[in-house]
Amino acid sequence: GNNMIKLTEVVTDPMRYDPAAKQRTTSYSLRTFYVNPKFIISMMDNEKFNSLHKSEPVVAKLMPETKFTRLAVASGAHGASYYDVLGTPEQNLTKIAGE
């Protein structure tokens, strides 16, 4: 069977120059992505996004208590691709186990 699970990725949009603030700004958006849980190598607290989100919402519609996971997915022979996903590692683990 097809055991893909649905996760929500935080996509880092390219830096833009904000003329008003006279600085380059990074913005974030959300997108759904599907992953085969067999290829998930590791999940850990996403300290970068957890701390970013504390000071200012990463994406406007997210609740202040939202947490983030750093997900490593096997790609190629020895490589890994990293994804920033919504939810704590525990929440994502529940998703994987429940599918």
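I number residues from 1 along each chain as its sequence is written. In this predicted model, local features need pLDDT of at least 70 and side-chain atom pairs count only at pLDDT 80 or more, while totals for chains, interfaces and linings use all residues; side-chain values use heavy atoms, with hydrogens and water left out.

**Entry 1: largest pocket.** I searched for pockets (on a 1 Å grid over the protein atoms alone, open sets of points where a 1.4 Å probe fits, with protein on both sides within 12 Å along at least five of seven lines). The largest has a volume of about 180 Å³, taken as the space filled by probe spheres set on the points, which are joined across faces, edges and corners. I then listed its lining residues (an atom within 4 Å of a point): Thr25, Thr26, Ser27, Tyr28, Leu52, Ser55, Glu56, Pro57 and Val58. The elements that give two or more residues to this lining are β2 (23-35) and α1 (47-55). Helices (H or I, at least four residues) and strands (E, at least two) are DSSP runs, numbered from the N terminus. I note that β2 gives the most, with four residues. By class, I find four nonpolar, four polar and one charged residues in the lining.

**Entry 2: helix α2.** Which residues of α2 (residues 89-98) are buried? I find Pro89, Asn92 and Ile96, where buried means under 20% relative accessible area and exposed over 50% (1.4 Å probe, protein chains only). They cover an arc of only 65° around the axis, so they sit on the same side of α2; the arc is that of the directions from the helix axis to the C-beta atoms. Glu90, Thr94, Ala97 and Gly98, on the other side, are exposed. The buried residues pack against β1 (5-18), β3 (40-45), β4 (68-75) and β5 (79-86), with contact meaning heavy atoms within 4.5 Å.

**Entry 3: aromatic pairs.** My search of the whole structure gives three aromatic pairs (ring centres of Phe, Tyr and Trp, its six-membered ring, within 6.5 Å; planes under 30 degrees apart are stacked, over 60 edge-to-face, the rest tilted). Tyr28 and Phe49 are edge-to-face, at 5.2 Å centre to centre and 80° between the planes. Tyr28 lies in β2 and Phe49 in α1, so this pair ties together parts 21 residues apart in sequence. The rings of Phe49 and Phe68 have centres 5.7 Å apart and planes at 40°, so I log that pair as tilted. Phe68 lies in β4 and Phe49 in α1, so the pair ties together parts 19 residues apart in sequence. Tyr28 and Phe49 are buried, and Phe68 is buried too. I record Tyr28, Phe49 and Phe68 as one aromatic cluster.

Definitions and conventions: Ala, Val, Leu, Ile, Met, Phe, Trp, Tyr, Cys and Pro count as nonpolar, Asp, Glu, Lys and Arg as charged, and the others, Gly among them, as polar.
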